[in-house]
Amino acid sequence: MVTRGALAVLLLLILILVLAWAGQRRLIFFPDRTLPPAPAGGSEITLPTADGLRLGAWLFKPSSGTADRAVSVLVLPGNAGSRAGREPLAAALTSLGLTVLLLDYRGYGGNPGSPSESGLARDADAAQAYLAGLGQPILYFGESLGAAVATALATRHPPAALLLRSPFTDLPAAGGANYPFLPVGLLLRDRFPVESLISQVTAPTAIVYGTADRVVPPEQSRAVADAAAGLTVLEVVDGADHNDLILAEGPQVTTAVATLVDAIEG
């Protein structure tokens, strides 16, 4: 009976691991798949990817009456929602005189395809190529999982500056913090490294994170900052959790962006 019981437990654990392996991307990516309505203050653009997808995205020009700083910001979002939820961030950045591209990855915001690490890299490349065609310096703005996308992009196409908001050291470390009952490091197909790559990025870099983050442990964001070769701004927001508005579009974030833009111009 003991042997049969142990075998039953083993089979149950194997079943759980197989299901976790098969459905792991459902635990990583939480897209809003609906096509958002056209933005009031921006224009709709299409980004062709290297593997044949055509992604919808939004482009915002500097606010009327604001001096154009001639710098573009590529916003690489986190793992949830769509570009519609990041319109306030675009408004805050255009008020600084910046051009802003809000990207939605494949599978998000009405876009075709399904998200994966390699797929998001192609999506980021497509957005970078579009902004490069404008002929302005580009600041990469990566939030949460998007911080990993931005850091990897920076190693392929060096930016004028880089801002990482609530970055993790890598996805297995972040996943282990959120799913401690699973052998995340063994199961994950997508790795999304940040700490191991950020030392290769010499552009002026800002790291912004909250001390009460319950999604990405604050010590992981601090480790990324410690490893950053071009660290220019470290903004630690006391008491802020991962999805608090103060981290999404608050003054600490916009001030960090403004500091990086000054560094670009200087």
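This is a predicted model: local features need pLDDT of at least 70, side-chain atom pairs count only at pLDDT 80 or more; totals for chains, interfaces and linings use all residues.

How many aromatic pairs does the structure hold? The structure holds three. Rings of Phe, Tyr and Trp (its six-membered ring) pair if their centres lie within 6.5 Å; planes under 30 degrees apart count as stacked, over 60 as edge-to-face and the rest as tilted.

Residues are numbered from 1 along each chain as its sequence is written, and side-chain values use heavy atoms, with hydrogens and water left out.

**Aromatic pairs**

Phe-29 sits in the loop between helix H1 (2-22) and strand S1 (30-31), and Phe-192 in the loop between H6 and helix H7 (195-198), so their pair ties together parts 163 residues apart in sequence. Helices (H or I, at least four residues) and strands (E, at least two) are DSSP runs, numbered from the N terminus. Phe-29 is buried at 5% relative accessibility. Phe-192 is buried too, at 3%. Buried means under 20% relative accessible area, exposed over 50%, partly exposed in between (1.4 Å probe, protein chains only). Tyr-105 is buried at 1%. Tyr-108 is also buried at 1%.

**Strands and crossovers**

Strand S7 (residues 138-143) has six of its six residues buried. Ile-138, Tyr-140 and Gly-142 point one way from S7. Leu-139, Phe-141 and Glu-143 point the other way.

S7 runs parallel to strand S4 (residues 72-76), joined by five bridges. Two strands pair if DSSP finds at least two bridges between them. Ser-72 stands opposite Ile-138. Five bridges also join S7 to strand S8 (residues 161-165), again parallel. Here Leu-139 has Ala-161 as its bridge partner. From S7 the chain crosses through helix H4 (residues 145-156) to S8, in a right-handed β-α-β crossover. Right-handed means that, with the strands pointing away from the viewer, the path from the first strand over the helix to the second runs clockwise.

Strand S9 (residues 205-210) and strand S10 (residues 231-237) run parallel, joined by six bridges. Ala-206 partners Val-233 in S10. The chain passes from S9 through helix H8 (residues 218-227) to S10, and this β-α-β crossover is right-handed.

**Positive phi**

Most residues other than glycine have a negative phi. Ser-166 has a positive phi near 55°. Ser-166 is found in the loop between S8 and H5, and is buried with a relative accessible area of 0%. Phe-192 also has a positive phi, of about 45°.

**Largest pocket**

Which residues lie nearest the centre of the largest pocket? They are Asn-79, Ala-80, Ser-144, Val-215 and His-242, from a lining of 36 residues. The elements giving two or more residues to this lining are strand S5 (80-81), helix H2 (87-94), helix H5 (171-178), helix H6 (184-187) and helix H9 (245-249). H5 gives the most, with four residues. The lining divides into 20 nonpolar, 11 polar and five charged residues. Ala, Val, Leu, Ile, Met, Phe, Trp, Tyr, Cys and Pro count as nonpolar, Asp, Glu, Lys and Arg as charged, and the others, Gly among them, as polar. On a 1 Å grid over the protein atoms alone, a pocket is an open set of points where a 1.4 Å probe fits, with protein on both sides within 12 Å along at least five of seven lines; lining residues have an atom within 4 Å of a point.
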